[in-house]
Structure formats: C-alpha cells, structure tokens
Amino acid sequence: MNGRPIVVVGAGASGLMAAIWAAGRGRSVVLLEGTKDGGRKILISGGGRCNILPSVSAPGRFVTDSSPNVLRNMLRSWPLMEQRQFFDAEAGLALVLEEASGKLFPGSNSARNVRDALVTLALGRGIEIRFGVRAKGLEHGPDGWRVSTDEDTLVAASAVILATGGRSVPATGSDGWGLDLLTRLGHRVHPAYPALTPLTAEPPVHAHLSGISLEVTLEAPGPKKKMTTRGGFLFTHRGYSGPAILNISHMAVRSRLAGEARQPIFVKWTELDAEGWEQRLFQHRGVVSSLLAGYLPSRLGETLCREAGLEAGVTTAQLRRDQRLALLRCLTRYSLPWTGDEGYAKAEVTGGGLDLGEISARTMESRLHPGLFLCGELLDAFGPIGGHNFQWAWATGRAAGLGAAGKE
Ligand SMILES: Cc1cc2nc3c(=O)[nH]c(=O)nc-3n(C[C@H](O)[C@H](O)[C@H](O)COP(=O)(O)OP(=O)(O)OC[C@H]3O[C@@H](n4cnc5c(N)ncnc54)[C@H](O)[C@@H]3O)c2cc1C
C-alpha cells in the first residue's frame with residue numbers, strides 16, 4: 001500500500017460513489033475530475049430532477065454483449081433497498097416514488113441537490129477532489145501506478161479506479177478517453193455506440209405533429225431477438241423521441257453502424273389490435289377520422305388516414321377493402337420512417353464498452369492489470385430509461401471502491 005492514495009479518475013456518478021466507499025474504509029483517496037465541478041450528467045438527468053433509481057430492479061432489460069449473468073451479479077452486489085437507504089441515511093436524500101412511472105426522485109426534485117450531496121459526502125470523508133484536472137495517461141511501475149495529468153504532474157497511486165464514462169453528451173466531460181485507454185492496455189472493448197438517443201427522419205415527414213405525445217407499443221424484430229417495449233412516444237421537429245423510442249433506439253443505431261438494412265420499428269398506436277379496430281370500424285357509423293379521434297390525438301389520426309390512402313371525410317361505410325387493410329396496418333403495425341439518430345450529442349448512455357468478463361464481478365478489478373478497477377458507463381452495459389443507469393453506476397462504483405480499498 002506504501003502510503004499512496006487510491007486515485008479515482010472521473011467524478012461522475014460512478015466515480016463519486018467509488019471514492020466515497022473507498023474512503024469509508026479508511027483509505028486516502030484522490031479524485032481527479034476534468035471539468036470544473038464534476039457530476040454534470042447528474043445535473044442534467046431526469047429533466048433536472050435526477051431519477052436516482054428505479055423502484056424495481058430489471059437486470060433482464062439491460063443490454064450487453066458480455067455475459068448477462070455477470071451483469072446480474074454486478075447489479076445485485078448492492079440491492080436496491082440498500083441503495084435507497086444509503087441515499088437517505090448517508091447522503092440526506094430521502095427518495096420519493098413517482099407512482100405513474102415507478103421512478104425514484106429526490107424529495108427536492110433537484111438534480112443539483114443530488115450532485116452537491118455526493119460531493120459534500122466525499123469531501124466529508126476526507127477525499128481530495130482535484131477539479132479541472134484531466135488524466136492523460138496511466139502507467140504501472142514496480143512501485144505502483146502513476147497517473148499523468150494535463151497539468152504535467154504525475155499522481156502516484158496504490159490503486160486506480162477508472163470512472164471516466166463513455167462518449168455520450170461529451171459536453172459533460174466524458175469523451176471516451178477511458179475506452180481508448182483500456183483498448184491500448186490490451187483489454188477487450190466492445191465498439192461504442194450511442195444508446196437511449198432520439199431517432200430522426202429525413203425528410204422530417206412528421207414535423208407537423210411535433211409536440212404530440214402518447215403511449216405506444218414499439219416492436220423491433222431482429223435476426224436473433226425481437227424487442228418489444230411500451231411507453232411514451234414523442235413527435236419532435238426532427239423525428240421521434242420519448243422513453244419508448246429511446247429504449248429501442250440502440251437497435252436502430254446498431255443496424256445503421258453495421259451498414260445493414262434499416263432496422264424496422266413497428267408502432268401500435270393504441271391498446272387495440274387489428275381485431276379490436278376491425279370491430280370498431282364495423283360498429284361505427286360515420287367519418288373514420290372522428291372514430292380515430294376517440295383513441296388518438298386527432299392530427300395523428302388524420303395523418304394515419306392520409307397515409308393509408310383514405311380521402312378526407314371518408315366514412316366507415318365508404319371504406320374499400322384495400323383501404324381498410326391499409327388503415328389497420330397503419331394503426332397496429334405502422335412502419336416508422338426513421339432514417340437516422342441524434343447520436344452521442346443527445347444519447348443518455350453509451351452502448352458497448354469494456355467486456356464484463358475482463359474484470360472480477362466482485363471487486364471490479366481488471367483481470368489483466370491488478371490494481372486497476374473499472375466502473376460505470378465505461379463497462380459494456382446499459383439499462384432502460386427509469387433510473388436503471390444510475391443504479392448501475394452506483395452499484396459498480398461502490399463495488400470498485402470497496403475492491404480497491406481491500407487491495408493490499
Ligand atoms: C441527458 C441525460 C439524462 C439522464 N438521465 C438519467 C436519469 O434520470 N436516470 C438515470 O439512471 N440515468 C440517467 N442518465 C444516464 C446517467 O447520467 C449515466 O448513466 C451516468 O451518469 C454514468 O455515470 P459515470 O460515472 O459512469 O459516467 P459520467 O457521468 O459520464 O462521468 C464521467 C466523469 O469522468 C470525467 N472524465 C472523463 N475523462 C476524464 C479524464 N481523462 N480525466 C478526468 N476526468 C475525466 C468526466 O468529466 C465526468 O465527470 C442520463 C444521461 C443523460 C445524458
């Protein structure tokens with residue numbers, strides 16, 4: 001241990017948590033953070049309210065190219081209830097459940113409170129935080145690790161925890177530096193891609209619907225597995241967003257990056273299936289668009305009618321068979337005309353990253369480089385919208401902090 005501190009690189013969600021737990025075990029900790037204040041993703045999370053955790057864990061909804069079992073074990077290392085207790089008892093942040101979404105928020109509904117509480121907790125545990133200092137390199141010598149910085153200093157360390165995040169929203173300080181470093185260190189790193197990102201349509205054929213939101217079911221059939229998700233859908237000026245779109249966006253992004261045919265995404269706009277709509281069309285006497293207006297925002301209903309080839313004002317009695325079939329398809333299996341995505345600029349997380357098999361699931365220590373610990377978005381895993389990504393950052397950060405603190 002030779003009196004050297006544990007050096008944590010990155011004061012985002014996972015790095016702050018790692019530092020707090022390492023210091024809690026009596027170890028001296030230095031936290032290097034490239035931005036002037038750290039935790040910038042926490043600040044912009046949950047629309048400024050910070051959805052700290054989900055109320056129900058959902059490891060099966062995480063996406064990884066590594067072993068899903070290893071992912072489960074990492075997530076389970078800090079059960080949700082204990083995480084809630086930590087925020088309440090240690091960080092002074094009592095969490096409140098938003099019934100409709102199942103998400104947990106701080107009682108103050110302030111993301112700034114969350115970031116500030118974690119920084120205060122870290123300082124209270126004696127952690128030396130060096131803001132505005134970026135790590136540039138990492139080397140291992142006979143007497144431990146050395147982190148070089150953009151101030152041309154070398155920081156000696158008994159162990160290093162890398163918590164530098166992925167590539168999403170680079171303005172928050174995460175530019176993929178850690179991913180590139182791990183590749184150079186000989187680690188298996190799955191290619192990164194933007195995930196939980198809005199989709200675009202060029203030309204923006206639905207720009208006139210911008211601002212309309214509704215609950216939908218999306219289906220993305222895949223060669224290996226099909227993904228179905230239900231949730232909020234939002235028309236934007238440039239395309240499509242909302243939790244359901246964000247949750248399925250990686251399928252679209254990955255098909256684009258692989259140069260494959262465009263990933264089909266089918267929308268079921270209401271709870272009704274084709275049979276349910278058939279019945280409604282049969283029973284309704286009058287204009288088709290007024291029937292639809294009972295179930296859908298009227299401008300969307302009119303657009304779907306037009307796309308199904310219906311003349312304005314057509315009644316259910318006047319519908320030809322081909323029009324009825326086209327309308328049923330538009331209502332229950334609408335092929336979303338997305339053409340691109342908003343990329344890292346708007347991606348809530350980065351997909352891909354360090355293969356989970358390359359580290360110990362218990363301590364998060366690299367299997368190739370003893371004394372190097374990894375956590376957070378740098379790893380090959382992300383969860384759906386709903387607090388799952390912070391859950392991952394807190395759990396893996398804590399495990400890495402404890403792992404590094406236990407290292408002799
Ligand atoms: C708009 C938005 C909203 C979100 N909302 C939610 C939400 O409500 N709930 C949820 O669960 N998840 C949410 N997320 C996802 C969540 O923010 C991330 O999963 C989480 O912040 C990842 O934490 P991290 O510590 O691994 O990485 P990051 O938060 O990216 O932190 C990495 C840190 O490392 C620093 N760093 C990078 N390189 C260096 C270097 N070389 N030297 C020094 N420092 C460096 C960066 O400056 C940064 O502070 C949201 C994300 C975005 C973008």
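**Note on the predicted model: ligand shell, core and domains**

1. Helix H12 contributes the largest share of the shell around the ligand, namely 4 residues. The structure under discussion is a predicted model, and the remarks below should be read with that in mind.

2. The ligand is surrounded by 39 residues, of which the closest are Gly10, Gly12, Gly165, Gly173 and Gly376. Two or more residues of this shell come from each of helix H1 (13–24), strand E2 (29–33), helix H2 (40–44) and H12. Sorted by class, the shell around the ligand holds 20 polar, 13 nonpolar and 6 charged residues.

3. The largest nonpolar core comprises 121 residues, and those with the most contacts inside it are Ala19, Val160 and Ile161. Helix H12, which covers residues 388–405, supplies the largest share of this core with 10 residues, and H12 is also the element that gives the largest share of the shell around the ligand.

4. What surrounds valine 160, once its neighbours within four places in sequence are left aside? Valine 160 is in contact with Val7, Val9, Leu138, Trp145 and Val147, and also with Gly371, Leu372 and Phe373.

5. Because 18 of the 18 residues of H12 are buried, the helix is largely enclosed by the rest of the structure.

6. The chain is divided into domain 1 (6–193 + 351–405), domain 2 (198–265 + 336–341) and domain 3 (274–335). Between the C-alpha centres of domain 1 and domain 2 the distance is 29 Å, and the contact of these two domains takes 5 residues from domain 1 and 7 residues from domain 2. On the side of domain 1 that touches domain 2, the residues divide into 4 nonpolar and 1 polar, with no charged residue.

7. Is glutamate 99 buried or exposed? Glutamate 99 lies in the loop between strand E4 (95–98) and strand E5 (103–106), and it counts as exposed because 8 other C-beta atoms lie within 10 Å, where the cut-off for an exposed residue is 12 or fewer. The C-alpha atom of glutamate 99 is separated by 9.5 Å from that of serine 55, although the two residues are 44 residues apart along the chain.

Methods. Residues are numbered from 1 along each chain as its sequence is written. This is a predicted model: local features need pLDDT of at least 70, side-chain atom pairs count only at pLDDT 80 or more; totals for chains, interfaces and linings use all residues. A nonpolar core is a set of buried Ala, Val, Leu, Ile, Met, Phe, Trp, Tyr and Cys residues joined through C-beta atoms within 7 Å. A residue is buried if 20 or more other C-beta atoms lie within 10 Å of its own, exposed if 12 or fewer, and partly exposed in between; C-beta atoms are placed from the backbone. A residue is near a molecule or strand if its C-beta atom, placed from the backbone, lies within 6 Å of it. Ala, Val, Leu, Ile, Met, Phe, Trp, Tyr, Cys and Pro count as nonpolar, Asp, Glu, Lys and Arg as charged, and the others, Gly among them, as polar. Domain bounds come from an automatic or database domain assignment.
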